[in-house]
Each structure stands twice: as structure tokens, then as C-alpha cells.
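Welcome! Please take a moment with the sequence and the model, and then let us walk through them together.

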Amino acid sequence: MSTQYLPGAHKRGSFLRYDTAVMLKRFYLVERQLVISQAGWIPGLPSFEAKTLSPHMLWQDAQNANSLRERVFELRFPNRMLEVGDDQVLIDLVRHSCAAPNGYAFLTAMATVWKPALLAAYREYLDLADEIGDGPTYRFLQLAAREKEEQIGLLKQLIPTCEEADEAGKRLAEAWLADLAMKFQEAGGLSLDRPVPVQLAADAAFSPAEVPRRGGAFQHVRFYWPDIVDDAFPYGEGLQLQMRSAVSHFNEVWAVENAGFLIHALAEQLEWEFIVDASRWIYDESRHCRMGYDRLKSWGFEDHELPLGTYIYDSCRGQDLLYRLGMLFHFESKNIGKKIERIKSFGQMNDRLSQHDMDFDWADETIHTSYGTKWLAKLLEHRKQETSTSDFFDIKRVCEQLVDKQVQTATEAEIVAIKRIAGHMLSKVSG
Ligand SMILES: [Fe+2]
Ligand SMILES: [Fe+2]
């Protein structure tokens, strides 16, 4: 028998199936934890820009993580275990990043540590792996690398909007960032090689802000339109309806914050599929919010003229997560029936932009209705509760009561203030 063989030393053969799966699993675990951390910070970010533009990144990361996860399963078939193993140190470091002293520090950690590390690792992987044997990975990882590059650019624009005004806050952030960078380096960074264990000081437990931070020059109120606190004030028709609808969209910032809170709080319990759905959910709500803001700006309004409220988010404070989820489900979908009517009305008014926004919003809301039903049922199932239609009615009823209770606390001064704000807006556009 001949001992002569054809040569097989080729760069393409560098990684076998197992090596590849180990690296892709590491990327998945880091992306997953980053999605949870980014979501948890949404209510605590002080700027409207950061709060409403970050969900896009978070959704991209969740999509990429999902592709990575599926690819690991393919490569390891029939094994569907995703053991953490040596990568625990990286997960702990991402968790540690969540314990940032403020939003500025958190976003800077994303922009200078995590996103560049992922970008570099993806590029290294794409350079060393094999586009023939491992072709399916290339499509989504090339996209992810491009997205990470864009995210770093966006984060650099958002960071200045979250700067702390006081010197002490800035110093705290700088010291914390230097420490994180050092620990990350000690762990060997994020690479194709396994990380090195590092000692991390115990962090204070992080939980998303129950009182949302709201910066910017807006009119910071609890109740964002007079009809919320005064039954006699009409929702309106014509121009008043155009305005009310835009202010509603703009005020969906509460839904963005609430979805961020829920992703962080329920990720471990409801697991990966929930994280994927809820990432889309938060991204959609952020787009609805931007739709309203964009329309109001196109009509000539300045930030300081726009009312930004908190009352629905406030009504979830200290409540069971079941009601926070119920609130997102119910208060977002309760007007779904009226939306078709509004799409028609805006068409008759030749307000193509409001019509367009409502049209796309409607498509998103139909998806959210299924998310709401599915995840409320799963949460009840976790509590060993059989779900029946009456449970959904009960949750909805409690949510309505919680919001009503908030509305009852409106003071005379708040009612006068919101009427003045709305009056000014309406008179400005009435000419
Ligand atoms: Fe929405
Ligand atoms: Fe929604």
C-alpha cells in the first residue's frame, strides 16, 4: 500500500466542526447577555435619543445571537446543549458591565469594550474560517460585523447625550471604565481562544429603574394630554386628532422602557425565545415613539413644547411582573380596533405621513397581540397556573385599576399645566 498522500495543509482546514461550534457558542453567550444588559438599562438612560435608538441595536444583537445559536445546534447535531463552561467569565464580565455607575458609563462600555471586541472577533473568525465548509455562518456574521461597526458609530453619538452633569458622576464613570477594561484584558478579551478566569468584585445587584430617567428639554409631565385627566376634553377630530395621535406615538416611550425592564427581569425565567420576541417588541415600540417625534418635529415643534409623560410606567412601580407584562400587552393593543378607522381618517385629511405611520404601527401591534397572549400564558404556566380566558380578563382588569389609580392622583396644578401645554400646541398649528 502506498504511503504517499496528496497534501492537505490548507488554511481552509484550520477549524473543524467542533472548534467552530465552541467559538460560535462563545459569541452567542456574550451577545445574549449583552441583549439582556442593554434592555435593563433602557429605563435608566437619561436621554430620549439613547432610550429610543438603542433598541435597534439590541434587536440586531438578538437576531445575530439567534443565528449563532441555531448554527451551533447544526454543527453539534444532534446535541442541543449550550453549556456555558469556560465562557462563564465573559458572561460575568457582561453582567458586571450592567452594574455601571450610570448610563454614560454603561454606553461607553458598550462603545469601547464590548462592541469593538465583538467586531474584532467576528472579523478574525471570518478571516480564518472557511467560506466553503462553513458557508452558512458567513452570511449572518458578515452582517453582524457590519452592524457592530454601525453600532459603534451610533453609540459614539449617543454617549454625549448621557453625560452626567456633576463632576463626581464623571469621575466615578471613568474609574469604573478603566477597571472594566483592565479586567477584560486580564480575561484575554473576546477571541477565538478560551477566556482566562478573573476575579471580579461582587457587584451590587442590578435591577432596571422603576422611576424612568427622562432628560432633554421636553415638558416632563406624568399625564401627557388633557383627555387622560379630564373626561370632558375630547380626543378630537381633524387637526386635533392628528396632534393627539402624534403625541400618543411619541409617548410610547413608556412601552420602550417597560419592554426593556421585562426583558431584563424575565430573561432567565422565560428563556431564549422570549428574549427574541421581546427584542422585536422593544424595537417596534421605539419605532412607534420615533414616528410620533418625527411627525411633531415635521410640524415645526421644538422639544421644549412637547409633553412627555410617565403615568403608565409609574403605575407598574413595585407591581408583580405579570401586570407589567399585562400593561405592555393591554395598553398597547387596546386601541388596535380604532387604528383602521384612523388610517382612513388620516387618508381623508391627506395626511399621508400619519396614515403611513398608523398603517405600519397596526402591523406591529398585530404581532404584539400574539406576543402578549403567548408570554402571559407562559408566565402563568411557570407559576403552575392553568391559563383560562378569565385569567387574561383578571390581569387586564388589575392593569386598568392600576392606571386609574395613577390618574386619580392627578393634581389640579398638573391638569392646568397639561391643558396649557396642549392649548399652546393646538393654537400653534391652528395659525
Ligand atoms: Fe406601539
Ligand atoms: Fe405594541
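The domain bounds used here come from an automatic or database domain assignment. Keep in mind, too, that this is a predicted model.

Let us begin with the overall layout. The assignment divides the protein chain into domain 1, covering 12-186, and domain 2, covering 219-430. Taken over C-alpha atoms, the centres of domain 1 and domain 2 are 30 Å apart. The two domains also touch: domain 1 brings 16 residues to the contact, and domain 2 brings 18.

Now look at the side of domain 1 that touches domain 2. Two helices, α1 (17-41) and α2 (48-76), each provide at least two of its residues. The most comes from α2, which gives 9 residues. By type, the residues on this side of domain 1 are 9 nonpolar, 4 polar and 3 charged.

Next, turn to the nonpolar residues inside. The largest nonpolar core has 106 residues, and those touching the most other members are Leu107, Ala109, Ala259, Ile263 and Ile282. Helix α9 (residues 253-298) supplies the largest share of this core, with 20 residues. Both domains take part as well, since at least three core residues come from domain 1 (12-186) and at least three from domain 2 (219-430).

Finally, let us pick out one residue of that core, Ile263. Which residues is Ile263 in contact with, leaving aside its neighbours within four places in sequence? They are Ile36, Ala39, Ile275, Ala278, Ser279 and Ile282. You can find Ile263 in the model and trace these contacts one by one.

Key
Residues numbered from 1 in each chain as written. Chains lettered and ligands numbered in written order. Predicted model: local features only at pLDDT ≥ 70, side-chain atom pairs only at ≥ 80, totals over all residues. Contact = placed C-beta atoms within 7 Å. Helix = DSSP H or I, 4+ residues; strand = E, 2+ residues; numbered from the N terminus. Nonpolar A, V, L, I, M, F, W, Y, C, P; charged D, E, K, R; others polar. Core = buried A, V, L, I, M, F, W, Y, C linked by C-beta atoms within 7 Å. Buried ≥ 20, exposed ≤ 12 C-beta atoms within 10 Å, placed from the backbone.
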